[in-house]
Amino acid sequence: MVNKDRASLQTLRMLSAALKQIEIDQRIEITDEVATREFVRQVKQRQDAATQYRDANRDDLATKEEAEIEIIQRFLPEAMSDEEIAAAVDAAIAESGLPQEMSSMGPLMGKLKPALEGRADMSKVSKYLREKLNS
């Protein structure tokens, strides 16, 4: 408010409202895990919207969505590199003892998602895991 940064202010108010809505709807106290999960959901929602706006040649709206993504990402843990994602997936495969076939995809993603959510793009995790299981 002091800096008169309208975009940040609007985005933070929207995040606050989303967290309050979760608190009311689910009757739970907001924890770091709940907040991180919601922030990841908000980023994904804005990425989808930005893509749709770009497809519709509405670059002004897409730029606004991308600016909101940057603001939200300030509150998420630092993103993992591709090498860190690969190491986490390889470790999960080794620890699980499951066969390296596609039927192991669900259980492995079930282990990886809580550990990596908010720190890694889960589509990249899924893609790398799929490649490992198909090889």
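The protein has six helices and zero strands, where helices (H or I, at least four residues) and strands (E, at least two) are DSSP runs numbered from the N terminus. Reading from the N terminus, the order is therefore α-α-α-α-α-α. What you see is a predicted model, in which local features need pLDDT of at least 70, side-chain atom pairs count only at pLDDT 80 or more, and totals for chains, interfaces and linings use all residues. Residues are numbered from 1 along each chain as its sequence is written, and side-chain values use heavy atoms, leaving out hydrogens and water.

Now for the overall dimensions. Along its principal axes, the C-alpha trace spans about 55 × 40 × 25 Å. The radius of gyration is 18 Å, while a compact globule of 135 residues would have one near 14 Å; this quantity is taken over C-alpha atoms, and the globule rule is 2.2 Å times the number of residues to the power 0.38.

What share of the 135 residues is buried? The answer is 32%, with buried meaning under 20% relative accessible area (1.4 Å probe, protein chains only). Contacts (heavy atoms within 4.5 Å) tell another part of the story: of those with a separation of 6 or more, 55% are between residues 24 or more positions apart.

Let's look inside. A nonpolar core is a set of buried Ala, Val, Leu, Ile, Met, Phe, Trp, Tyr and Cys residues joined through side-chain atoms within 4.5 Å. The largest such core has 15 residues, and V89, L112, L116, V125 and L129 touch the most other members. Helices α4 (82-96), α5 (105-116) and α6 (122-134) are the elements that each give two or more residues to this core, and α5 provides the largest share, five residues. A second, separate core of eight residues includes A35, F39, V43 and L76.

Finally, find E38 in helix α2 (residues 32-55). Is E38 buried or exposed? E38 counts as buried because its relative accessible area is 6%. Leaving aside residues up to four places away in sequence, E38 touches A18, L19 and I22.

Definitions and conventions. Buried < 20%, exposed > 50% of the residue type's maximum accessible area, 1.4 Å probe, protein only.
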